[in-house]
Amino acid sequence: MGGTEHLTVQREGATLVLTLNRPDARNALSLAMLVGLYDGWLEADADDTVRSIVLTGAGGAFCAGMDLKALAGDRMQGQRYRDRLKDDPDLHWKAMLRHHRPRKPVIAAVEGHCVAGGTEILQGTDIRVAGESATFGLFEVRRGLFPIGGSTVRLQRQIPRTHALEMLLTGRPYSAREAAGIGLIGHVVPDGTALAEALEIAERINACGPLAVEAVKASVYETAEMTETDGLAAELTRGWPVFDTADAKEGARAFAEKRPPVYKRA
């Protein structure tokens, strides 16, 4: 498994857990973290035994956004990461899920601060769980900056535009309950239990047919901006091949035999 000094990777059954690991800076984004994140997304998609991904943060925080000083990197320790960025100038956007979408479902487990770049990464995840004391927000305009991680495009497609504009234009913080109320997150749980809840959701996903799960996720995103007619046609293109897989036949047999299915991605 990969990972860097600011991004840890571990397995929990069929789930790959990526942990933003810079708690002394509330997991503000560093170059080492971004490289680790992108490598983690690639690792999950390349390994067929991984069926879901959980993204979380260490030390009671999710991510406090960009740390420009850390992104410059220490001359000795950061050179290899700068070389990676030089070889792939788009790497940081891929790491933040702006220019990359993993084919496996991504579940965010949020505790504490999830602001600025943290809220931007959040918008690239599929399912979102937060502790009740978590804080969300896009603070860029308060500092005369622009939320260039994709928020002016994605946020209005994920929550009602009036809420998206208020979040973007006021730069104010939002509680977990407020974030759930406008649809930014799906679950609010007691503090300290977001990761456990995310792993439970991941286990429910892992028990399903992996080819079906990946096709469903792909269809949802592919058809999001299509007309209904075009979307329904695209759905058939994605969906019909799933019925011809060995996994689909195993699912039917397991149901008839009243036993858990054993899927093999075939």
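User: Why is R80 called exposed?

Analyst: In this predicted model, R80 has a relative accessible area of 52%. Exposed requires a value over 50%, so R80 is classed as exposed.

User: What makes E5 partly exposed?

Analyst: The relative accessibility of E5 is 35%.

User: Why is the pair D39 and R84 called a salt bridge?

Analyst: Here the closest N and O atoms are 2.8 Å apart, and the cut-off is 4 Å; D39 and R84 thus form a salt bridge. Since D39 lies in helix 1 (residues 31–46) and R84 in helix 3, this pair ties together parts that are 45 residues apart in sequence. Both residues are partly exposed, D39 at 27% relative accessibility and R84 at 29%.

User: What makes D48 and R103 a salt bridge, and which parts does the pair tie together?

Analyst: Their side chains meet at 3.3 Å, N to O, against the cut-off of 4 Å, and the pair is a salt bridge. D48 is in the loop between helix 1 and strand 3, while R103 is in the loop between helix 4 (91–95) and strand 4, so parts that are 55 residues apart in sequence are tied together. Salt bridges that share partners also join D48 and R103 with E214 and R265 into one network. By the same criterion, the count of salt bridges comes to 17.

User: How do you know that C63 is in no disulfide?

Analyst: The nearest cysteine sulfur to that of C63 belongs to C114 and is 7.2 Å away. A disulfide needs two cysteine sulfur atoms within 2.5 Å, and C63 is therefore in none. The count of disulfides by this rule is zero.

User: Are C63 and C208 buried, partly exposed or exposed, and why?

Analyst: C63 has 0% relative accessibility and so counts as buried, the limit being under 20%. C208 has a relative accessible area of 37% and is partly exposed.

User: Why is strand 4 called mostly covered?

Analyst: Five of the five residues of strand 4 (residues 106–110) are buried. On one side these are V106, A108 and V110, and on the other I107 and A109, which leaves both faces covered.

User: How do you know that strand 4 pairs with strand 3 and with strand 6?

Analyst: Pairing requires at least two bridges. Strand 3 (residues 52–57) and strand 4 have four bridges and pair in the parallel sense, with V54 opposite I107. Four bridges also join strand 4 to strand 6 (residues 127–131), again running parallel, and V110 stands opposite A130.

User: What makes strand 1 and strand 2 a pair?

Analyst: Six bridges connect strand 1 (residues 7–12) and strand 2 (residues 15–20) in the antiparallel sense, where at least two are required. Q10 has V17 in strand 2 as its bridge partner. Their hairpin has two residues between the strands, and G13 takes a positive phi near 65° there.

User: Why are strand 5 and strand 8 at the edges of their sheet?

Analyst: The open sheet has three strands in the order 5-7-8, with mixed pairing. Strand 5 (113–115) and strand 8 (174–175) each have a single partner strand, so one side of each is left without a neighbour in the sheet. Strand 7 (residues 135–137) and strand 8 pair antiparallel over two bridges, which meets the requirement of at least two. T135 stands opposite S175 in strand 8.

User: What makes V220 part of a nonpolar surface patch?

Analyst: Patch residues need over 30% relative accessible area, and V220, at 49%, is partly exposed. V220 lies in helix 10 (residues 210–222) and makes the patch of about 260 Å² together with V216 and Y221.

Technical notes. Residues are numbered from 1 along each chain as its sequence is written. This is a predicted model: local features need pLDDT of at least 70, side-chain atom pairs count only at pLDDT 80 or more; totals for chains, interfaces and linings use all residues. Side-chain values use heavy atoms; hydrogens and water are left out. Buried means under 20% relative accessible area, exposed over 50%, partly exposed in between (1.4 Å probe, protein chains only). Patches are made of residues with over 30% relative accessible area and no salt bridge: like charges are joined within 9 Å, nonpolar side chains (Val, Leu, Ile, Met, Phe, Trp, Tyr) within 5 Å. Accessible areas come from the Shrake-Rupley method with a 1.4 Å probe; for residues, only the protein chains shown count as cover.
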